[in-house]
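Subject: Structure handover

Hello,

Here is the structure we spoke about, passed on for you to look through.

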Amino acid sequence: MKKIVDYRKLLNVSEAAELSELKTVYRSMMKTWHPDKFINDTDSKLEAEEKSKTIIEAYHFLVSIAPETRSQSYADYILTTTTSNIADFDYKSQVLTVSFLDGNSYEYFDVPKAVYIKFINADSPGRFARRHIFNNYIYRSTNKLAATA
């Protein structure tokens with residue numbers, strides 16, 4: 001997904017970056033681009049505000065899809081995807097958002113349109129998703145996103 005690649009380029013981290021590396025890079029970049037450093041220059045301050053917002057967004061996104069983050073909630077994820085039925089789903093720009101009846105919701109990235117079409121045309125979308133989507137694509141929980149927004 002372009003968003004993931006762009007955020008990794010922005011923070012200059014690899015796909016294998018651990019949470020500690022992400023945190024170090026994030027703090028370093030925020031020290032450089034914090035708007036309070038540009039008190040006397042309005043144009044630079046506005047640029048720093050935009051840059052810092054982008055850095056914050058990139059950091060939070062990459063933390064949410066990091067293997068360490070996903071492994072912390074893996075048991076809950078497996079419980080939801082194996083025992084709860086799908087309540088609703090949405091597909092936009094290769095991102096499939098699936099809401100479950102137990103209240104959990106997950107975003108799956110880089111889902112090809114062909115897979116999405118097979119998903120919606122399947123006799124049992126839940127069974128199709130368990131076999132072809134849930135464990136095959138990078139995902140993140142959207143429950144925490146809604147709680148913090």
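Four strands make up an open sheet in the order E1-E2-E3-E4, and their pairing is antiparallel. At the edges are strand E1 (86-92) and E4, each of which pairs on one side only. From one strand to the next the twist averages 20°. Axes here are lines fitted to C-alpha atoms, for helices over the stretch in contact, with angles running from 0 to 180 degrees between N-to-C directions.

The model is a predicted one: local features need pLDDT of at least 70 and side-chain atom pairs count only at pLDDT 80 or more, while totals for chains, interfaces and linings use all residues. Residues are numbered from 1 along each chain as its sequence is written, and side-chain values use heavy atoms, with hydrogens and water left out.

On terms, helices (H or I, at least four residues) and strands (E, at least two) are DSSP runs numbered from the N terminus. Two strands pair if DSSP finds at least two bridges between them.

Strand E3 (residues 105-109) is mostly covered, with five of its five residues buried (under 20% relative accessible area, where exposed is over 50% and partly exposed is in between; 1.4 Å probe, protein chains only). In a regular strand, side chains alternate between the two faces of the sheet. Ser-105, Glu-107 and Phe-109 point one way from E3, and Tyr-106 and Tyr-108 point the other way.

E3 runs antiparallel to strand E2 (residues 95-100), and five bridges join the two. The E3 partner of Val-98 is Tyr-106, and that of Val-95 is Phe-109. E2 and E3 form a hairpin with four residues between them, and in the turn Gly-103 has a positive phi of about 100°. E3 also pairs with strand E4 (residues 139-141), in the antiparallel sense and over three bridges; here Tyr-108 stands opposite Tyr-139.

Helix H5 (residues 74-83) lies across E2, E3 and E4, at about 95° to E3. Contact means heavy atoms within 4.5 Å.

Now the pocket. Among the residues lining the second largest pocket are Arg-8, Glu-15, Leu-62, Arg-70 and Ile-138. Helix H3 (42-65) and helix H4 (67-72) are the elements that give two or more residues to this lining. A pocket is an open set of points on a 1 Å grid over the protein atoms alone, where a 1.4 Å probe fits, with protein on both sides within 12 Å along at least five of seven lines; lining residues have an atom within 4 Å of a point.

Regards
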